[in-house]
Amino acid sequence: MPQQKPPQLTVWGRANSVNVQKVLWCLTELDLAFERIDAGMQFGRTREADYLVMNPNSRIPTLVDGDYVLWESNSIMRYLCLAYRQDTRIYPQAAKRRAGVDRWLDWTLSTLQPADRPVFWGIVRTPPAERDMVQVQKDANAAAEVWCILDQQLATRRFVEGEDFTIADIALGAYARRWLGVEGITRPTLSNLNRWFAEFASRPGFEKYVAPPMS
């Protein structure tokens, strides 16, 4: 069955947002053309009336696909796979395999993101003179406990849910870039996590949208 050709896909959101990066990486994996429009933080726009019609949360990313609008990065990745690449291996069709991917997408938001954010913001988005490195290290210690869970998961598999790279690896990998990239903290050496990171670090979508310097 021929793949449906999408209309112009538009992603609203700044390039240094981890959640925007997930979507851009996914689009690259699916070989889908898109336009990105800066929005959020220094670019503003997310509190303007026309944006709030699209996304009442005043957050990014927001995907516009013709007359269809979708927000929440993990939902956007699922949608892109289902709408345009139903046979893709990055979002498997088998119920149990798909549920396994979905649980890690949920875990990224429910467990990993809250642990990651204080460390990233405390270093990358706080001027050096204003950083409380004692608190940041406490936050890093708490985050390390969460990363240990993923490290254990990766002890017996190539990627998060087996031998195939999936959108769960995209979601988690974007955050791993931040965790492994921040400087000034002490963190445990997690050999399985490091090996997994190396598995996808040369993928074009990661190199282009996730690997650049953090800001």
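User: Of the contacts in the chain between residues at least 6 apart in sequence, what share joins residues at least 24 apart?
Analyst: The share is 69%. A contact means heavy atoms within 4.5 Å. This is a predicted model: local features need pLDDT of at least 70, side-chain atom pairs count only at pLDDT 80 or more, and totals for chains, interfaces and linings use all residues. Numbering starts from 1 along each chain as its sequence is written, and side-chain values use heavy atoms, leaving out hydrogens and water.

User: What radius of gyration does the chain have, against a compact globule?
Analyst: The chain has 17 Å, which agrees with the value near 17 Å for a compact globule of 215 residues. The radius is taken over C-alpha atoms, and the globule rule is 2.2 Å times the number of residues to the power 0.38. Along the principal axes, the C-alpha atoms fill a box of roughly 50 × 45 × 25 Å.

User: How many of the residues count as buried?
Analyst: 50% of the 215 residues do. Buried means under 20% relative accessible area, exposed means over 50%, and partly exposed is in between, with a 1.4 Å probe and protein chains only.

User: And what does the accessible surface come to?
Analyst: About 10,700 Å², with 51% belonging to carbon and sulfur atoms. Areas come from the Shrake-Rupley method with a 1.4 Å probe; for residues, only the protein chains shown count as cover.

User: What's in the secondary structure?
Analyst: Eight helices and four strands. These are DSSP runs, numbered from the N terminus: helices are H or I with at least four residues, strands are E with at least two. Along the sequence the pattern reads β-α-β-α-β-β-α-α-α-α-α-α.

User: In what order do the four strands sit in the sheet?
Analyst: The order is E2-E1-E3-E4, in an open sheet with mixed pairing. Strands count as paired if DSSP finds at least two bridges between them. The edges are E2 (34-37) and E4 (68-71), each pairing on one side only. From one strand to the next, the twist averages 20 degrees.

User: Is the E1 and E2 pairing parallel or antiparallel?
Analyst: Parallel, over four bridges, with E1 covering residues 9-12. Leu9 stands opposite Phe34 in E2. Helix H1 (residues 18-29) packs on the sheet and touches E1 and E2, its direction making about 160 degrees with that of E1. For such angles, axes are lines fitted to C-alpha atoms, for helices over the stretch in contact, and values run from 0 to 180 degrees between N-to-C directions.

User: In what sense do E3 and E4 pair?
Analyst: Antiparallel, over four bridges. Val64 faces Val69 of E4 as its opposite residue. The two strands form a hairpin with two residues between them, and Gly66 in the turn has a positive phi of about 65 degrees.

User: Switching to helices. Which strands does H3 lie across?
Analyst: E1, E3 (62-65) and E4; H3 itself is residues 73-84 and runs at about 140 degrees to E4.

User: At what angle do H1 and H3 pack?
Analyst: About 10 degrees, with the axes 9 Å apart. So H1 is roughly parallel to H3. Under 35 degrees counts as roughly parallel, over 145 as roughly antiparallel, 65 to 115 as roughly perpendicular and the rest as oblique. The contact includes Lys22, Val23 and Leu27 of H1, and Asn74, Met77 and Leu80 of H3.

User: Where does Ala171 lie?
Analyst: In helix H6 (residues 167-181). Ala171 counts as buried because its relative accessible area is 0%.

User: Leaving aside neighbours within four places in sequence, which residues is Ala171 in contact with?
Analyst: Lys22, Asn74, Met77, Leu105 and Thr108. Thr108 is 63 residues away from Ala171 in sequence, yet their C-alpha atoms are 6.9 Å apart.

User: What about phi of Asp31?
Analyst: Near 60 degrees, a positive value in a residue other than glycine. Asp31 is in the loop between H1 and E2. Asp31 counts as exposed because its relative accessibility is 64%.

User: And what is phi of Met41?
Analyst: Near 50 degrees, positive in a residue other than glycine. Met41 is in the loop between E2 and H2. At 45% relative accessibility, Met41 counts as partly exposed.
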